[in-house]
Structure formats: structure tokens, C-alpha cells
Amino acid sequence: LALCLFAVIYATNRSMGSQKDLMETTAKATADALKLQLTAVTGALYTMATCVRIQPDWNSLQEEFPTVAGYVYNELRSEKAQGLSGIVYLPFGIVSAVYPPNSSAQPTLGYDLFQPGASENLQIFNAVKRRSLTYSGPLQLKPGSVPSIVGRYPMFIQNVTEDEAWNHPYNMTNPSFCPPGLCYNATTGEKFWGFVATYLSADALFHGKGSRFDLLVSNNYAYRLTKTERDIRTGILEETIIAESGSFQDENSAQLDVQIPGADWKLQVYNPQIQDTLDTRNGLVALIVVAAFIVSGLLLLLLTSNTEAVLLLREQVATNDALETANDRLAEAKCVLETEKQQREALLERQLKLIACFDETGKKSSKQGTMDRIAEVRGHMTESKANFFSDCDIEMLELLGEGTFGKVHKGLWRSTVVAIKIMMLPASMSGAEKREKMVVWEA
């Protein structure tokens, strides 16, 4: 079971490791592709900004704009700058020139980014304050339009007065609303000209043909692209989602920072197969653990049964030993009873012979004296004893005890252990008394 558990964990970890490596490689390739596309767009912004820096006068820019913007636009499209939908000039933040013209994805001519209440005020102020290229969005440039990623490059012209207008198309000398000191520096004579901007369709960038993000989705990967911006009014960092797809989990996801000018973007890519593999591993581990418990329970049951069987076997052995002991005792008791039976049969036979002697002697003359009758009976008994013991071998062994009228020896009779009693009468007794005593004892 431990080997199975190790094999499952090892195999699933190897599988998840491979999936994570592939996911991280795919995420890096996607981030690099995104940076490559934005780098191409950044080049376009710098090209258009160079034209403004060389000749900031609006009359000259307006005349050259269609040619320069058209060339840059077509070059980027041929280089597969996916999603590029337009290039825009915004002197003092007002949309004044758009290429390609009459595009539904372009902002409306005359739209003022600085007007109070505009949804982009915060991003505009951030861009002017940084004085560097920034990307923001996705933004809806006008009602019903496709959201776009907007790249804005703020232009500053040096050595001019605060009233310099550069022949602004709307006869303005300053943006409609700009915090003091943000759009003009009286010390250096540097003034905010406006923005050079590009617009990229977010839909084409993230879901267009050949898009790296579309490739992530086709490979069943989930992704999330977020940006972090600091509010210049509160100083608080705010994170917003630029694009996402699929059910996403932060755990086990690949996270990459995407270096975008003027913005902190982060790409997270998640492979649901990793979670599926992890769930499968957890399920198999749980199954193995349950199987281990079941096997342990069976082994415990087997061990308990074996212990009970050993105890029963020991009880049976003890019972057999007791029965064997009882059988030995029964055999000994049987031998004792057999010996007692033989002894009683012998005694009964002697008594019957004694009674028969008394019956025979009773037929003789009554005049015969009592002692003569006793002597006659004794003679018959002696004869009977002689006949009874004639075929027997009596062996006398050690002395067991002695008393006033006799001694008791251990002996063998017919291979049976018996007690042999030797009668000893006192010398002071008369012959008649001795004979009478002997008759009584033998009876």
C-alpha cells in the first residue's frame, strides 16, 4: 500500500510538473507576443511624435498627417500589429485628426479629454504628469464602439509662452481644464502640446485570428490580464482587469509581469488540467488510505481470530491432558476394585467353606465335646486352606507393622500386592483358649 501511495504521488507530481512547465512556457510566449505587438505600436507613436516635435504648427501637421499616418498604419498592419484600429492627433487633448478616417472604432472628432466629468480624466492627468508613453484601457471610445487599448504619448514643446497655440484648430491657447502647473512650466517655458495616440481593438488583440490569447483558450487554458494604476489624487494603487477568459484560480497559476510603457500589467495563466490531476491524485490517495484501513481491519480480525484459535487450542490441550489423567486414575481405580473383588471372592469362598464344615460336623454325635468339634472344624479349614493356597506362590516382603497378637508384612499373592498377617498368641493362654481364638480369627 505504501508503494502504491508513493507511485501515485510520484506519477501525479511528475504530470503536474510537466503541465506547469508547459503552462509557464505558454504564458511567457503569450506575454512576449503581447509586448512585441505593443512595441510595434510604440514605434508608431514615436514616429508620429517626432513629426510634432519637428513642426508643432497645426496647419503643417494637418497637411502631412494623412500621408505620414497612412504609411505608419499600413506598415504596422503588414507587420501583424494585430488590432491596430487608428492613429490620432489630439492637440490640447481634443481629437482633431484621425486615420483611417470615418472608422467606427475611432473617437469622435472634437472630443475633449480634459472636459470636466470625462471618464478618462484620471488617466489623462496621470499621462501628463508622467510625461511618458502610457497604455490604458480597454476603453469605449464612443457609444457602441468596440473597447480599445489606448496608447498616449504626451508632447511638450520647450521655449514657448503660456499663450502659444500653434494655430490650434479650435482657436484654443490651453486645454479646457488642466490643474495649475501641470500643462505649463513658467520657469522652463515648456508647454503641453497635446497627445499622439494609437488605438488597438481589444477584441482583435485578445480574440483575433492568430492571437496568442485565443491560442490559450483553444488549449483550454484560462487567463487574466490585469493592470495596476496609482490614483494621482489619493495615491492608492488600483488593480483592474483588462481581459480574462475561463474559470480562473490563483492557486497553481503561472504569473508574469508584462512590461508595458507607463503601466504595470500582469498576466496569469491557469491550466484546469492541473486541478483535475490534483483531484485525481487526492481521490486515489483517499482510495488507497481507505484500502489500507480495510486491509488493516482484516489483518486485525485475522490476528484476533488466530489469538482466539490459539486460546481454544490451549484449552483443548489442557482438556485432553485432564482426560488422560482421569483415564489413568480410572485405570488405577479399576485395578484396585479388581483386587478388592478378588479378595472379597476369596473371603466369601472361605466363609462358604466354613459354613459347609459346620454343616458336616453338625451331623456327628451330640455327645462329642465342643472343643473336639472346633478342632475338627479347624482341621477342615486347614485342609481347605492348603487346597486353596496349593497353587499359589506367596512371597513375604518387608515388615509393615506389629502389635500384641501379630505382625503385618507386605507380600505378593498371585502377582497382587497383599498384606500378610502373622498371628502371635500369648504363652500364658491354654491350648483350648488358643484354639478357640484361632477359630474366631479365621472365621
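**Salt bridges and surroundings**

Tutor: The structure holds four salt bridges. The model is a predicted one.

Student: Which residue forms a salt bridge with Asp32, and how far apart are the closest N and O atoms?
Tutor: The two partners both lie in helix α1, four residues apart, about one turn of the helix. The partner of Asp32 in the salt bridge is Lys28, and the closest N and O atoms are 3.1 Å apart.

Student: Is Asp32 buried, exposed or partly exposed?
Tutor: Buried means under 20% relative accessible area and exposed means over 50%, with partly exposed in between. Asp32 has a relative accessible area of 33%, so the class of Asp32 is partly exposed. Lys28, at 47% relative accessibility, also counts as partly exposed.

Student: Which residues are linked with Asp32 in a network of salt bridges?
Tutor: Asp32 forms a salt bridge with Lys28. The network of salt bridges holds Asp32 together with two lysines, Lys28 and Lys35.

Student: Which residue forms a salt bridge with Arg131?
Tutor: The closest N and O atoms of this pair are 2.2 Å apart. A salt bridge requires a side-chain nitrogen of Lys or Arg within 4 Å of a carboxyl oxygen of Asp or Glu. The partner of Arg131 is Glu190.

Student: Why does the pair of Arg131 and Glu190 tie together parts that are apart in sequence, and how many residues apart are they?
Tutor: Arg131 lies in the loop between α3 (121-130) and β3 (134-139), and Glu190 lies in strand β6 (residues 190-201). The pair therefore ties together parts whose separation in sequence is 59 residues.

Student: Is Glu190 buried or exposed?
Tutor: Arg131 has 33% relative accessibility and counts as partly exposed. Glu190 has 14% relative accessibility, and the cut-off for buried is under 20%. Glu190 therefore counts as buried.

Student: Which residue meets Glu244 in a salt bridge?
Tutor: The N to O distance in this salt bridge is 3.3 Å, and the side chain that meets Glu244 belongs to Arg224. The pair links distant parts of the chain, 20 residues apart: Glu244 is in strand β8 (residues 237-245) and Arg224 in strand β7 (residues 222-230). Glu244 counts as partly exposed at 43% relative accessibility.

Student: How many of the six residues of β3 are buried?
Tutor: β3 is largely enclosed by the rest of the structure, and this follows from the count of its buried residues. Of its six residues, the number buried is five.

Student: Which residue in β4 is the bridge partner of Thr134?
Tutor: β3 and strand β4 (residues 148-157) pair in the antiparallel sense over four bridges. The bridge partner of Thr134 in β4 is Arg152.

Student: How many residues join β11 to β12 in the hairpin?
Tutor: Strand β11 (residues 394-402) and strand β12 (residues 406-413) pair in the antiparallel sense over six bridges. Glu395 has Leu412 in β12 as its bridge partner. The number of residues through which the hairpin joins β11 to β12 is three.

Student: Which residue in the turn between β12 and β13 has a positive phi?
Tutor: β12 and strand β13 (residues 416-423) pair in the antiparallel sense over eight bridges. Lys407 has Ile422 in β13 as its bridge partner. β12 and β13 form a hairpin with two residues between them, and the turn residue with a positive phi, about 55°, is Arg414.

Student: Which residues make the nonpolar surface patch of about 390 Å²?
Tutor: One of them, Phe6, is found in helix α1. Phe6 is exposed, with a relative accessible area of 55%. The patch is made by Leu3, Phe6 and Tyr10.

Student: Which residues form the negative surface patch?
Tutor: One of them, Asp321, is found in helix α6 (residues 272-361). Asp321 is partly exposed, with a relative accessible area of 43%. The patch is formed by Asp321, Glu324, Asp328 and Glu332.

Student: What separates the C-alpha atoms of Thr50 and Met155?
Tutor: Thr50 has its place in helix α1 (residues 2-54). Thr50 is partly exposed, with a relative accessible area of 39%. Thr50 and Met155 are 105 residues apart along the chain, and the separation of their C-alpha atoms is 9.5 Å.

Note on methods
Residues are numbered from 1 along each chain as its sequence is written. This is a predicted model: local features need pLDDT of at least 70, side-chain atom pairs count only at pLDDT 80 or more; totals for chains, interfaces and linings use all residues. Side-chain values use heavy atoms; hydrogens and water are left out. Buried means under 20% relative accessible area, exposed over 50%, partly exposed in between (1.4 Å probe, protein chains only). Patches are made of residues with over 30% relative accessible area and no salt bridge: like charges are joined within 9 Å, nonpolar side chains (Val, Leu, Ile, Met, Phe, Trp, Tyr) within 5 Å. Accessible areas come from the Shrake-Rupley method with a 1.4 Å probe; for residues, only the protein chains shown count as cover. Lys and Arg count as positive and Asp and Glu as negative; His and the chain ends are not counted. The place of a charge is taken as NZ of Lys, CZ of Arg, CG of Asp or CD of Glu. Two strands pair if DSSP finds at least two bridges between them.
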